[in-house]
Amino acid sequence: MKRIKTYLQPEYVIERLKDRCNKCKICVRECTYNVHIYNPKRDEILSRDEYCVNCQRCVVFCPTKAIRVRKNPNTYRENYHWTEEVIRSIKQQAETGRILLTGMGCDKPHLTYWDRLLLNASQVTNPSIDPLREPIEIRTYLGKKSEHVNINYKDGGDISLETELAPQLRLETPILFAAMSFGAVNLNVHRALARAAAEYGTYFNTGEGGLHPSLYKYSDHIIIQVASGRFGVNAEYLNKGAAIEIKIGQGAKPGIGGHLPGEKVREEIAKLRMIPVGTDALSPAPHHDIYSIEDLKQLVHALKEATDYTKPVAVKIAAVHNSAAIASGIVRADADIIVLDGVRGSTGAAPKVIRDNVGIPIELALASVDKRLRDEGIRNEVSIIVSGGIRSSADVVKAIALGADAVYIGTAALVAMGCTLCQRCYTGRCPWGIATTDPEISKRIDPDVASARLKNLLQAWSMEIKEILGGMGMNAIESLRGNRLQLRAVGLNDAELKVLGVKAAGE
Amino acid sequence: MLRSVKLEGDTAIINAEYLDHKSMNRILKSMDSEGIRRVKIKNVYGIRYIGAGMKSNMDIEIYGTPGNDLGIFMDGLRITVHGNVQDGCGNTMNSGEIIVHGHGGDIVGYSMRGGAIYVRGDVGYRAGIHMKGYGDRNPVLVIGGEARDFLGEYMAGGIILILGLNMKKRMFNMRFVGSGMHGGVIYLRGRIDRLGEGVEAAEVNEEDMKIIGRLAEKFCRYFNYEMDEVMDQEFMKVIPLSHRPYGGLYTR
Ligand code: SF4
Ligand code: SF4
């Protein structure tokens, strides 16, 4: 067969302002895609636009601010239906015959309900509270809550708790760091996440690639994940977390498994996962010991047996059409926490067609799961964590009002560390040193600096959450949990309002 | 609970008749911490998770049929079963040994990371799925009889030896052997014509025969076979064609 010439034009073009560029060659070093090249013969820096992913690394690091990355002005004729993205995809597939791979979460415009939900505030009645002067409690406990507690009143006024409480996770803010595996990201990223979680009083999730022994010291702030490939899972690992999460699915790719491209499987990753170096790490969609709710219960119990019933077990599923029924099953499978990951959930690598078309918005899934569990009288038996595109403290507050106990943040945490959402995590060449296991590029994340950035984010959002709560006249986040009266919707139809259990603004 | 246990010399005898999995494992763990090294469990009718996550060199003999996930996550136990085992025997085990004198259910040795499982009879579907291996850690699964489809699926390391001793013909009947396999090796005593995608059948070499001989010897010792009976046929092996069976599927 003849070689196929590509008809694809570069997506971005580099403009270098000649009067500013002093040929320091920093851009040549910073770009991990080799876009900028220095030609010593003619003493000039050239750019190969076709490799640019618009990550902005060179732009930020150029000391004279000489670089502009622009969308290629040579676009196709405008067409509402046949967009640039559609045409490019077709051409690319026509030239390769392959599945389109992408990274991060669904980037389509029509799926964010957070922006259609507005929060309440107190006026006249139920006066608001100033969080700067009065305490507002946002500490959150995750785990099964007893229906009754029996208290033993002893002579002399001593009291003790008779009821044995289920194991709980204690969070100083209702925000945890979502699962990102060692392999998808590098050890410096894990270090930063673990340290920030420990110092702020929350949790970091290992993802499915195991836990590097150097992080064992953060055990009390780690949720360890067990996925279908069972990478890095042994009894020691299970006992090195404060909780265990069984990953059934993730929002970026419901129904399909994990796939860590071989480029990223270097020595240390291979060793922890116990697979050959350079091989693709495959976790199939199903756990082959779980084909039913009864089987799920079996794994939940096996994990509890292996850890002497001391740790909460979470089950993570992607938000799909029948999430509510599945969630009910998860509670009956004796899980302590349900994690719901919406259609915006991110990933290091997923087929684009799956990422952008499978799953439902987290807002709708959360509302229906919370309602279903309340209707069945089992909401207290489980905590709900939601994830998938949580971008701000406002999203956190709205999620809690819709019924969540806490949220996971993944993308937001990466953005805090430097990520610019270029969506090329699967190449293993993340210019910001995050989604890469290349030892040189990984150095771009300094765990000290990155953990400080993460802590700052947690602190800023926590203060904002308190501000919002105070404005509603609430002094504890408990008062907001599942309190949908604090939400009003704009621009939603009746069906959406019904699922969300929220009134229209003005009602 | 205590009524179910008695000591005979240095061996503890547990009557499992009235125990659930929680109390069973609690008993085993407390015996382990008391320094008891030999345990016999009698009247086992489907108790799950026996030995789950135990890090110990205890020697456990089971009479009856242990339930699913026997020895899940275990680290060092030696379990002998006088009977059949159900699904998930040795699930994600880290080290130790499980010797089964009967047959095994589905996903025997799921995601094994070390140690060995010997099954005298047949096993069900997806045995050895996700077996791992790295450096000198090389888990072993030896099957005396036959296996069902998807043997060694997604295998990333380790060794499976399947003997087919009770087979009438010399041709294994299972399908999709080694689908998605990207490491490790499957040795077969006999032939196979229905492999999974991405693997190839190859001749065994001297090195392979040494490994097979070593495993077969143990098998004979455990289950009272003669080496001649086991080594009387040609062996072959199934290995992955590439480390990246799905590497060519995606475009960026
Ligand atoms: S890929 Fe990033 S670093 Fe390289 S030229 Fe483009 S924007 Fe700059
Ligand atoms: S993690 Fe790195 S590769 Fe992935 S989107 Fe962010 S900047 Fe791009």
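The model is predicted.

**Stop 1: aromatic pairs in chain B**

Select Tyr118(B) and Tyr222(B). Their ring centres are 5.1 Å apart and the planes meet at 85°, so this pair is edge-to-face. Planes over 60 degrees apart count that way. The two residues come from distant parts of the chain, 104 residues apart. Tyr118(B) belongs to strand 7 (residues 116-119), and Tyr222(B) to helix 2 (residues 206-223). Are Tyr118(B) and Tyr222(B) buried or exposed? Both are buried.

Together with Tyr118(B) and Tyr222(B), they form one aromatic cluster.

Move to Phe150(B) and Phe176(B). Here the centres are 4.7 Å apart and the planes are at 10°, so the pair is stacked. The cut-off for stacked is under 30 degrees. Phe176(B) is partly exposed, at 36% relative accessibility. Over all chains, the count of aromatic pairs is six.

**Stop 2: charges over rings**

Select Lys22(B) and Tyr309(A). The charged end of Lys22(B) sits over the ring of Tyr309(A), 4.3 Å from the ring centre. Lys22(B) is in chain B and Tyr309(A) in chain A.

Next, show Arg57(A) with Trp432(A). The charged end of Arg57(A) sits over the Trp432(A) ring, 4.7 Å from its centre. Keep Trp432(A) on screen for the next stop.

**Stop 3: the two ligands**

Select ligand 2. Trp432(A) is one of the residues around it. Cysteines are there too, including Cys419(A), Cys422(A), Cys425(A) and Cys430(A). Others to pick out include Met104(A), Thr420(A), Gln423(A) and Arg424(A). By class, this shell has eight nonpolar residues, two polar and one charged.

Go to ligand 1. Which residues come nearest to ligand 1? They are Cys31(A), His36(A), Cys52(A), Cys55(A) and Cys58(A), out of 13 residues around it. That shell divides into nine nonpolar, three polar and one charged.

**Stop 4: empty space inside**

Rolling a probe the size of a water molecule over the atoms shows where empty space is left. The whole structure has five cavities of 30 Å³ or more. The largest cavity has a volume of about 90 Å³. To find it, select Cys21(A), Cys24(A), Cys27(A), Cys62(A) and Ile67(A), which lie nearest its centre. In total, 14 residues line this cavity. Nine of them are nonpolar, two polar and three charged.

**Stop 5: backbone and loops**

Most residues other than glycine have a negative phi. Which value does Asn34(A) have for phi? It is near 55°, a positive value. Asn34(A) is in the loop between helix 1 (26-30) and strand 2 (36-39) of chain A. At 43% relative accessibility, Asn34(A) is partly exposed.

Asn43(B) has a phi near 55° as well, again positive. Asn43(B) is in strand 3 (residues 38-45) of chain B. Its relative accessibility is 28%, so Asn43(B) counts as partly exposed.

Finish at Gly156(A). Its loop runs between strand 8 (151-153) and strand 9 (159-161) of chain A. Gly156(A) is exposed, with a relative accessible area of 79%. Select Val60(A) too: the C-alpha atoms of Gly156(A) and Val60(A) are 67 Å apart in space, and the residues are 96 apart in sequence.

Definitions and conventions
Residues numbered from 1 in each chain as written. Chains lettered and ligands numbered in written order. Predicted model: local features only at pLDDT ≥ 70, side-chain atom pairs only at ≥ 80, totals over all residues. Heavy atoms only, no water. Phe/Tyr/Trp six-rings, centres within 6.5 Å; stacked < 30°, edge-to-face > 60°. Helix = DSSP H or I, 4+ residues; strand = E, 2+ residues; numbered from the N terminus. Buried < 20%, exposed > 50% of the residue type's maximum accessible area, 1.4 Å probe, protein only. Lys NZ or Arg CZ within 6 Å of the ring centre and 35° of its normal. Near = heavy atom within 4 Å. Nonpolar A, V, L, I, M, F, W, Y, C, P; charged D, E, K, R; others polar. 1 Å grid on protein atoms, 1.4 Å probe; cavity = no way out; pocket = protein on both sides within 12 Å on 5 of 7 lines; lining within 4 Å. Points joined across faces, edges and corners; volume = space filled by probe spheres on them.
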